[in-house]
Amino acid sequence: MEALKEAPTKAPAVSGVAPHGFGARANQARQVRHAASGREYLTFRLGTEEYGIDILKVQEIRSYEPPTKIANAPSYLKGVVNLRGVIVPIVDLRVKFNCLNEDGQAGIDSFTVVIVLNVRGRVVGAVVDSVSDVMQLAEQMVQPAPEMSTSVVDTTYITGIANVNERLLILMDIESLMSSSEMGLINSLADH
């Protein structure tokens, strides 16, 4: 598995996992939907909602493996894994954004994956329910996030919302989220 170093049209490396809808646990080529111009996003699901992050922040996609827990860590910080000699913190975005099932749990199934991100030179893993697709969005497809009171809903990490085939795709600034002091990873990011 190699880190994503190619042009933005190349999908991230996949470790034994197919995107949702392409068949479980099969390596298949990804389809890339092209628009006239714009940026490419990796789309994934948290609960019933679909999100997108800048493909250039994605290093690889791996099947979920239970991480080693860290004492007194917040519930969304699942622990750490050893990824080819690098200790990588694993953040469960489903727990962080309260995208839990009806039992209040973030279940693990054959579609659950870890998106390995390169955030400001540091490797961080994000657990999501499934990976959907890589798509290119033209700027005119993206609308600004709605303004809401920050005391009710924190939209700080939402860069926009795109309407794609009659469904809404929430675009997230994953670098700002992972490097925020709220996530608790900032001290280790500053130290390295």
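User: What share of the contacts with a separation of 6 or more is between residues 24 or more positions apart?
Analyst: In this predicted model, 58% of those contacts join residues 24 or more positions apart.

User: How many helices and strands are there?
Analyst: The protein has 3 helices and 13 strands.

User: And how much of the protein is buried?
Analyst: Of its 192 residues, 44% are buried. The protein exposes about 10200 Å², and carbon and sulfur atoms supply 48% of that area.

User: Which residues have the most contacts inside the largest nonpolar core?
Analyst: They are Leu42, Phe44, Ile53, Leu93, Ile115, Leu117 and Met178, in a core of 29 residues.

User: Which elements supply at least two residues of this core?
Analyst: Strands E3 (39-46), E4 (49-54), E5 (58-63), E8 (113-119), E9 (122-128), E10 (130-137) and E13 (167-172) do, along with helix H2 (174-178). E8 gives the most, with 4 residues.

User: OK, aromatics. How many pairs does the structure hold?
Analyst: It holds 2 aromatic pairs. In one of them, Phe44 and Tyr51 are stacked, at 6.0 Å centre to centre with 15° between the planes.

User: What about the rings of Tyr51 and Phe97?
Analyst: Their centres are 6.4 Å apart and their planes are at 10°, so that pair is stacked too. Tyr51 lies in strand E4 and Phe97 in the loop between H1 and E8, so the pair ties together parts that are 46 residues apart in sequence. Ring pairs link Phe44, Tyr51 and Phe97 into a cluster.

User: Buried or exposed, that Phe44?
Analyst: Phe44 counts as buried, because its relative accessibility is 1% and the cut-off for buried is under 20%. Tyr51 is buried as well, with a relative accessible area of 11%. Phe97, at 28%, counts as partly exposed.

User: New topic: where is Lys96 found?
Analyst: Lys96 is found in helix H1, which covers residues 93-96.

User: Why does Lys96 count as buried?
Analyst: Its relative accessible area is 18%, and buried means under 20%, so Lys96 falls on the buried side of the cut-off.

User: So what is Lys96 in contact with?
Analyst: Beyond neighbours within four places in sequence, Lys96 is in contact with Tyr76, Leu177, Glu182 and Met183. Lys96 also lies over the face of Tyr76, at 4.8 Å from the ring centre. Leu177 is in contact with Leu93 too.

User: Last thing, confidence. What pLDDT does the protein average?
Analyst: The average is 78, and 72% of the residues score at least 70.

User: Where is confidence lowest and where is it highest?
Analyst: Confidence is lowest in strand E2 (residues 32-33), at a mean of 44, and highest in E5, at 96.

User: Over which residues does pLDDT stay under 50?
Analyst: One such stretch is residues 14-36, for which the model has 57 contacts beyond four places in sequence. Residues 188-192 are also below 50, and that stretch has 6 contacts in the model beyond near neighbours in sequence.

Methods: Residues are numbered from 1 along each chain as its sequence is written. This is a predicted model: local features need pLDDT of at least 70, side-chain atom pairs count only at pLDDT 80 or more; totals for chains, interfaces and linings use all residues. Side-chain values use heavy atoms; hydrogens and water are left out. A nonpolar core is a set of buried Ala, Val, Leu, Ile, Met, Phe, Trp, Tyr and Cys residues joined through side-chain atoms within 4.5 Å. Buried means under 20% relative accessible area, exposed over 50%, partly exposed in between (1.4 Å probe, protein chains only). Contact means heavy atoms within 4.5 Å. Rings of Phe, Tyr and Trp (its six-membered ring) pair if their centres lie within 6.5 Å; planes under 30 degrees apart count as stacked, over 60 as edge-to-face and the rest as tilted. A charge sits over a ring if NZ of Lys or CZ of Arg is within 6 Å of the ring centre and within 35 degrees of the ring normal. pLDDT is the predictor's confidence in each residue, from 0 to 100. Accessible areas come from the Shrake-Rupley method with a 1.4 Å probe; for residues, only the protein chains shown count as cover.
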